[in-house]
Protein chains: 2
Amino acid sequence: MQDQLSQTFAALADPTRRAILAHLSQGEANVSDLAKPFLKDMSLPAITKHLKVLEKAGLVTKTRDAQWRPCKLNGEALKTASDWMEQYRQYWEESFDRLDAYLKTVTAKKKATAKGKKNGRKK
Amino acid sequence: MQDQLSQTFAALADPTRRAILAHLSQGEANVSDLAKPFLKDMSLPAITKHLKVLEKAGLVTKTRDAQWRPCKLNGEALKTASDWMEQYRQYWEESFDRLDAYLKTVTAKKKATAKGKKNGRKK
DNA sequence: TGGTTAATTAACTTATAGGTTAAATATAAA
DNA sequence: TTTATATTTAACCTATAAGTTAATTAACCA
């Protein structure tokens with residue numbers, strides 16, 4: 001079994017599953033509601049499997065109501081993933097970008113030199 | 001070939017690749033630099049493959065310098081993924097959470113009853 | 001020229017993701 | 001008690017992800 005963060009990203013790496021999450025962002029829905037937009041393209045058991053992936057990733061919570069299985073979005077796992085990405089924000093925000101990248105490079109070079117390791121990079 | 005966002009999330013769904021990104025956040029590095037921490041666990045060609053996944057996902061850019069291949073982090077793909085997640089922020093930020101979920105449910109019900117219109121929501 | 005270093009490619013193995021159809025389960029409704 | 005509805009499970013198929021080892025390419029160096 002993989003670590004939770006890997007499972008979360010893996011769950012998000014499928015357009016069907018992201019569409020299911022989008023649907024759930026409109027509110028609770030049961031399995032056949034969620035399946036309906038996809039039944040032209042795939043079977044109901046396929047959706048059951050997608051939901052299982054989303055559940056294991058912690059992105060969706062499934063409860064019981066008679067023969068229905070109401071599903072709802074679970075924000076926590078998304079937050080974990082978002083927090084992980086947050087540490088890279090500086091790398092996509094302009095202006096800072098080049099300066100920071102430069103500073104990081106300098107630091108890296110200093111470290112390499114201090115350790116007495118040649119680092120094979122020129123310029 | 002998959003859509004870009006799926007490829008990005010798939011690339012992030014592996015701890016080795018996330019560690020490579022973390023390394024690159026400290027500055028440029030070539031393939032063997034990046035491989036070093038993993039050579040106890042896997043071969044160099046394995047790292048080559050991981051880098052290829054990261055490149056295709058747009059997360060890493062590889063250039064040439066003699067026989068070396070300096071790699072650097074590319075923030076844009078991360079931003080795309082982060083932007084996608086952003087739309088769910090409300091689902092992991094407390095206080096809003098329950099109220100908003102409730103409102104969404106009400107809206108969904110009304111839609112079902114009124115057989116109404118499309119909703120294209122944003123923000 | 002030949003040797004060394006850096007990295008990739010090729011060919012292969014194994015596990016798993018994502019789909020299928022058919023059968024099974026669970027609850028409600030008639 | 002049977003039938004209908006909602007969903008899951010089982011068994012299976014196929015493509016691909018992730019690793020391996022061995023061979024190959026490319027550039028530099030002596």
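Guide: Across the interface of chain B and chain A in this predicted model, 8 residue pairs are in polar contact, with both residues of each pair at pLDDT 80 or more. The side of chain B that touches chain A draws two or more residues from each of helix H1 (4-12), helix H2 (15-24), helix H5 (75-86), helix H6 (89-92) and helix H7 (96-114) of chain B. Of these, H5(B) gives the most, with 8 residues. By residue class, this side of chain B divides into 19 nonpolar, 10 polar and 11 charged.

Charged pairs also occur between the chains: the count between chain B and chain A is 2 salt bridges. One of the salt bridges joins the side chains of Arg18(B) and Asp3(A), with an N to O distance of 2.9 Å.

As for extent, the contact takes 40 residues from chain B and 36 residues from chain A. The size of an interface is often given as the accessible area lost when the parts come together. Here the area buried between chain B and chain A is about 3,300 Å², and carbon and sulfur atoms give 62% of that area.

The arrangement of the two copies comes next. Chain B is superposed on chain A by a rotation of 180° with 0.0 Å of shift along its axis, at an RMSD of 0.0 Å. That is the relation of a two-fold axis. Of the interface residues of chain B, 82% are also interface residues in chain A, so the copies meet through the same surface.

Both chains also take part in the surroundings of DNA strand D. Of the atoms of DNA strand D that come within 4 Å of the protein, sugar and phosphate account for 67%. The elements giving two or more residues to the surface near DNA strand D are helix H3 (31-35) and helix H4 (44-56) of chain A, together with helix H4 (44-56) of chain B. The residues of that surface divide into 8 nonpolar, 7 polar and 8 charged.

Conventions. Residues numbered from 1 in each chain as written. Chains lettered and ligands numbered in written order. Predicted model: local features only at pLDDT ≥ 70, side-chain atom pairs only at ≥ 80, totals over all residues. Heavy atoms only, no water. Least-squares fit on C-alpha atoms with pLDDT ≥ 70 in both. Contact = heavy atoms within 4.5 Å. Near = heavy atom within 4 Å. Helix = DSSP H or I, 4+ residues; strand = E, 2+ residues; numbered from the N terminus. Nonpolar A, V, L, I, M, F, W, Y, C, P; charged D, E, K, R; others polar. Buried area = accessible area lost by both parts, 1.4 Å probe. Salt bridge = Lys/Arg side-chain N within 4 Å of Asp/Glu carboxyl O. Polar contact = N/O pair within 3.5 Å; in protein donor to acceptor, adjacent residues only side chain to side chain.
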